[in-house]
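Please read the following report beside the sequence and the structure.

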Amino acid sequence: MAIDVPQHILDALTDVEMPRLPTESASSERVRLAGIEVPVYRSGCVVVGSGAAGLRAAVEMKRRGDHVVIISQSAWGGTSACSGSDKQTLHTANTADQGDNYKAMARAIRSGGAMDEDIAYVEAVGSSRMMASLQFLGLPLPQDRLGGTLRYQTDHDEVGRATSCGPRTSRLMVKVLAEETIRLGVPFYNHTTAIRILSEGQAAERRVAGILVVRAADRTEQNPLGLAIFQCPVLVLAAGGPGELYRNSVYPNGCFGSLGLALEAGLELVNLTESQFGIGTRREGFPWNLSGTYVQALPHVYSVDADGGEHHFLADYYRTTQEMASNLFRKGYQWPFHATRMLEFGSSLIDLAIVRQAAAGRRVFMDFNRNPLPVLGDLPFSLDRLDDDVRQYLGYAGARQAQPIDRLRHMNPLAIELYRRYKTDIAIEPLEFAVNNQHMNGGIQVDLWGRSSLTGCYAVGEAAGTHGVTRPGGAALNAGQVFGTRVAEHIGASRRAKHGAAGDITAMAKEAVAGVLAVLRADSPLTVKSVRAQVQARMSDKAGMICDPASVEHALAEARALNAQIREHGLAFDRPSEATRVLQWRHMALASEAVLGALDFFIRHGGGSRGARAICDPQGEAVPSTRAGPLPEFRFRREQDEHRAEQIVVMLHGEVLHISTRPNRPLDESAASFFERDWPDWLTGRVFGLEVDGNGNA
Ligand SMILES: Cc1cc2nc3c(=O)[nH]c(=O)nc-3n(C[C@H](O)[C@H](O)[C@H](O)COP(=O)(O)OP(=O)(O)OC[C@H]3O[C@@H](n4cnc5c(N)ncnc54)[C@H](O)[C@@H]3O)c2cc1C
């Protein structure tokens, strides 16, 4: 079967080249801190991170005349630029065939609970604008000949609100947004890693004053670590998710996020219990989700033991070949693991089966040159013996080719191209995969305008904890775009970032530098390698998709002990160039304790299985079954309805985590806006909830 889209078109959607960054201007100002000559950069606002969310915030701020700079650990690193899947999506509400409305969309976004109702509505209502503005910037979202956006159904989406420009959608978003920042002249400081937030004032008066960074370009003999200060009254954290937390991860390498940074600065974090786990190829090779057409093509899934023996393990779980194949197909749009989908022979039984194979030391593969083998004693696989929804979908898609590879080539040739780019030809060889951590739904707690609990500090994208327990596929990118714009609107209205920062912050910078130097200790018995191995193993083995109360409690005690050790001994480093990683692993150790603390709190308060995790408990109400009978060791607690109405808030006070709950913010769906009544709020800026003085300053 020939690919019916010319190769050069596929190439353009797969190999997305990024623009050249502008030349960075060096700082001419220096301050002496702890004997080090530290450069100082002054700005109205610093955006930390150059993923899709951070770039959107920078573009929107610059367009509003704000003084903004971007700093980034790695300009085209992070999740938006380096990962994705064939379902990398945005939300659309603009096609007429099924209709849509923002309230219904908001309900879908928050359907898993533990999400603020107003934020869900903001994301829904903002999505059309995000889509249109990305199209304006040149994002090639697919359309029909009448201008409607082509769309399809993804996970937690009953309507079909997803669209995609192929496997590199989010990278394409980064590209068009980066081109715009360059066109607008936003200064960009690459290889610049934020390591400590600087703040001034006490208690409720405390506000952002700047950020301490490690910056390769500022490394000198007098400043071997490359420390630098960006002084700014406004900070936007857009550092993405904590991909390094788990050993089994489909995040690109080097994603640390900003949870540790935020904890150290005393910010409130929320919903840290909520992540996503699902099947994909790990970051050790090419990190990619195996959702959508990869599974909808219905490849044969099998495992291989240490002696090379092959096992058709899914046949031990499902009762018929049809049931097994149909559930494999459903993983296409029910991609993340969900405990309840392990029941009644649902699609998450596949995730459980894979995790058990891995625990037994077996490697798991997808073979696109074999159809699923039959379940013992049942009929062979046939495209005519599939559940109705599956058969119909493949029929509509015209995917009735005999072999999975031909069905995949027909439905999504880019899926094959993509792996080829990374030296795996799935048309020839089977693809090894596993269940991995993919997304952090929680993060920094923000309000309707993306404001964190520290005045002047905003958070957007995966750094922000705006998602609840489940999020429809594509909602992460949409949220980053919506809130990137919202924070810019708010910052613009506050007028706080119109000019570069003035004043002297030497005293607080001195304290921050001293704090950093206290962590970096050449003689520490703790190394990056040992901390990484410990944190990742603990998170994957004890806080992955299958957990139990005792293991979580034990893991929390170990995480606490590790942080106590780090406080006492610091972390070793050999060369100044290793300082960034050392400080990031210090942050990850803190973030890990916070996630485990929240999880332990949740479980202690009767928390059951929801979203990413099954909480196994011999007293649990539900037990998954295989064709051979129930699996008592995976008996799990059901979710408690009341937990859907609240969120778990975590904050670090000194060395101790404070954990509490708060109710979701509600939205009165019956409260309609009224033009004449509400326009003045817009004209005067009251919509932003700012106290504005006579000169228009907030
Ligand atoms: C395999 C995979 C598939 C996915 N598929 C989808 C999908 O189909 N749809 C969807 O909506 N979402 C999907 N997601 C999630 C989504 O891609 C991410 O949530 C989103 O891209 C995050 O964007 P961001 O801008 O917040 O962060 P990122 O894109 O991760 O960017 C973070 C930026 O911050 C920088 N940075 C990090 N730490 C620091 C620091 N301390 N100092 C300075 N800079 C720093 C990084 O270099 C990077 O530039 C997927 C994720 C994965 C891993």
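Cys-255 is buried, with a relative accessible area of 7%, where buried means under 20% relative accessible area, exposed means over 50%, and partly exposed lies in between (1.4 Å probe, protein chains only). The closest cysteine sulfur to that of Cys-255 belongs to Cys-82 and is 7.4 Å away, which is too far for a bond. With a disulfide taken as a pair of cysteine sulfur atoms within 2.5 Å, the count comes to zero disulfides. Cys-165 is accordingly in no disulfide, the nearest cysteine sulfur, that of Cys-82, being 17 Å away, and Cys-165 counts as buried at 5% relative accessibility.

This is a predicted model, in which local features need pLDDT of at least 70 and side-chain atom pairs count only at pLDDT 80 or more, while totals for chains, interfaces and linings use all residues. Residues are numbered from 1 along each chain as its sequence is written, and side-chain values use heavy atoms, with hydrogens and water left out.

A salt bridge here is a side-chain nitrogen of Lys or Arg within 4 Å of a carboxyl oxygen of Asp or Glu, and by this rule the count comes to 48 salt bridges. Three of these pairs are set out below.

| Pair | N to O distance | Relative accessibility of each residue |
|---|---|---|
| Glu-489 and Arg-129 | 2.7 Å | Glu-489 11%, Arg-129 45% |
| Lys-175 and Glu-179 | 3.3 Å | Lys-175 23%, Glu-179 34% |
| Glu-274 and Arg-610 | 2.9 Å | Glu-274 2%, Arg-610 4% |

Helices (H or I, at least four residues) and strands (E, at least two) are DSSP runs, numbered from the N terminus. The salt bridge between Glu-489 and Arg-129 joins helix H14 (residues 475-494) to helix H5 (residues 117-137), so the pair ties together parts that are 360 residues apart in sequence. Both residues also belong to a network of salt bridges that includes Arg-56, Glu-60, Arg-63 and Arg-64. Lys-175 and Glu-179, by contrast, both lie in helix H6 (residues 169-184), four residues apart, or about one turn of the helix. An α-helix has 3.6 residues a turn, so residues three or four places apart point the same way.

Two strands pair if DSSP finds at least two bridges between them. Strand E1 (residues 29-33) and strand E2 (residues 36-42) pair in the antiparallel sense over five bridges, with Arg-32 standing opposite Glu-37 in E2. E1 and E2 form a hairpin with two residues between them, and Ala-34 in the turn has a positive phi of about 50 degrees. Elsewhere, an open sheet of five strands runs in the order E7-E4-E3-E11-E20, with parallel pairing. Strand E7 (188-189) and strand E20 (457-459) stand at the edges with a single partner strand each, so one side of each is left without a neighbour in the sheet.

Which residues of helix H12 are buried? They are Pro-404, Ile-405, Asp-406, Arg-407, Leu-408, Arg-409 and Met-411; as these make up seven of its eight residues, H12 (residues 404-411) is largely enclosed by the rest of the structure.

On the surface, Phe-675, Trp-679, Trp-682, Leu-683 and Val-687 form a nonpolar patch with about 580 Å² of accessible area together. Patches are made of residues with over 30% relative accessible area and no salt bridge, like charges being joined within 9 Å and nonpolar side chains (Val, Leu, Ile, Met, Phe, Trp, Tyr) within 5 Å, and accessible areas come from the Shrake-Rupley method with a 1.4 Å probe, only the protein chains shown counting as cover for residues. Val-687 lies in the segment after helix H19 (675-684).
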